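Colleague: I am new to this structure and would like to go through it slowly, one question at a time. Could we begin with the terms?

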Amino acid sequence: MLALVYQKAVGLWYAARPNYGAEKGLLVMSAQLEFDQLVARLEQVFDRAVVDGTDDELFASGYLRGHFDLVVAQLELQEQRQPEAIMPALYAAVEQTRHELAPADQAHIKAMMGQLDAAS
């Protein structure tokens with residue numbers, strides 16, 4: 001009986017908001033667009049390092065680009081295309097492999113992460 005009451009209440013709520021599905025779809029599309037735009041801005045940071053960067057910036061860019069591409073692909077596969085998810089996931093990925101880097105390389109990675117933060 002309670003389930004029937006709930007179904008009627010939900011049905012009335014949707015009936016009162018005929019554009020709800022469209023609104024939700026627009027929100028999802030907006031988040032996906034913002035995700036894609038952020039990915040493009042961050043890719044520009046990597047591209048600038050390849051063209052104009054020092055050897056150390058080129059190293060940091062290449063190292064982070066691999067992590068970045070993997071993070072973006074994982075978020076897309078998990079259907080979590082929220083722009084605010086990218087940088088925390090990238091920081092987590094880099095933190096997991098930090099032990100692989102010499103202290104000097106860690107400093108270069110940190111500097112490049114700062115550039116990515118500024119672009120995000």
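Modeller: A nonpolar patch is made of residues with over 30% relative accessible area and no salt bridge, whose nonpolar side chains are joined within 5 Å. Please keep in mind throughout that this is a predicted model.

Colleague: Which residues form a nonpolar patch on the surface, and about how much accessible area do they have together?

Modeller: One member, L58, lies in helix 3, and with a relative accessible area of 40% L58 is partly exposed. L58 forms the patch with V50 and V51, and the accessible area of V50, V51 and L58 together is about 290 Å².

Colleague: Staying with helix 3, how far apart are its end C-alpha atoms, and what span should its residues have?

Modeller: Helix 3 has 23 residues, and at 1.5 Å a residue these should span 33 Å. The expected span counts one less than the number of residues. The value found between the end C-alpha atoms agrees with this expectation, as it is also 33 Å.

Colleague: Which residues of helix 3 are buried?

Modeller: A residue counts as buried when its relative accessible area is under 20%, and L58, at 40%, is therefore partly exposed instead. The buried residues of helix 3 are A60, S61, Y63, L64, H67, F68, V71, V72 and L75.

Colleague: Where does P83 lie, and is P83 buried or exposed?

Modeller: P83 lies in the loop between helix 3 (55-77) and helix 4 (86-96). Apart from residues up to four places away in sequence, P83 touches A31, E34, F35 and L38. P83 and D36 are 47 residues apart in sequence, and their C-alpha atoms are 7.9 Å apart in space. Because its relative accessibility is 13%, P83 counts as buried.

Colleague: Which residue meets D36 in a salt bridge, and how many residues apart in sequence are the parts that this pair ties together?

Modeller: The side chain of D36, which counts as partly exposed at 36% relative accessibility, meets that of R81 at 2.3 Å, N to O. D36 lies in helix 2 (residues 20-52) and R81 in the loop between helix 3 and helix 4, so the partner is R81 and the parts tied together are 45 residues apart in sequence.

Colleague: What separates R65 and D69 along helix 3?

Modeller: The side chains of R65 and D69 meet in a salt bridge at 3.2 Å, N to O. Both are partly exposed, R65 with a relative accessible area of 22% and D69 with 37%. Because R65 and D69 are four residues apart in helix 3, what separates them is about one helical turn.

Colleague: How many salt bridges does the structure hold, and which residues do shared partners join into one network?

Modeller: The structure holds six salt bridges. One of them joins the side chains of R98 and E95 at 3.5 Å, N to O. Salt bridges that share partners make one network of E43, D47, R65 and D69.

Terms used. Residues are numbered from 1 along each chain as its sequence is written. This is a predicted model: local features need pLDDT of at least 70, side-chain atom pairs count only at pLDDT 80 or more; totals for chains, interfaces and linings use all residues. Side-chain values use heavy atoms; hydrogens and water are left out. Helices (H or I, at least four residues) and strands (E, at least two) are DSSP runs, numbered from the N terminus. Buried means under 20% relative accessible area, exposed over 50%, partly exposed in between (1.4 Å probe, protein chains only). Contact means heavy atoms within 4.5 Å. A salt bridge is a side-chain nitrogen of Lys or Arg within 4 Å of a carboxyl oxygen of Asp or Glu. Patches are made of residues with over 30% relative accessible area and no salt bridge: like charges are joined within 9 Å, nonpolar side chains (Val, Leu, Ile, Met, Phe, Trp, Tyr) within 5 Å. Accessible areas come from the Shrake-Rupley method with a 1.4 Å probe; for residues, only the protein chains shown count as cover.
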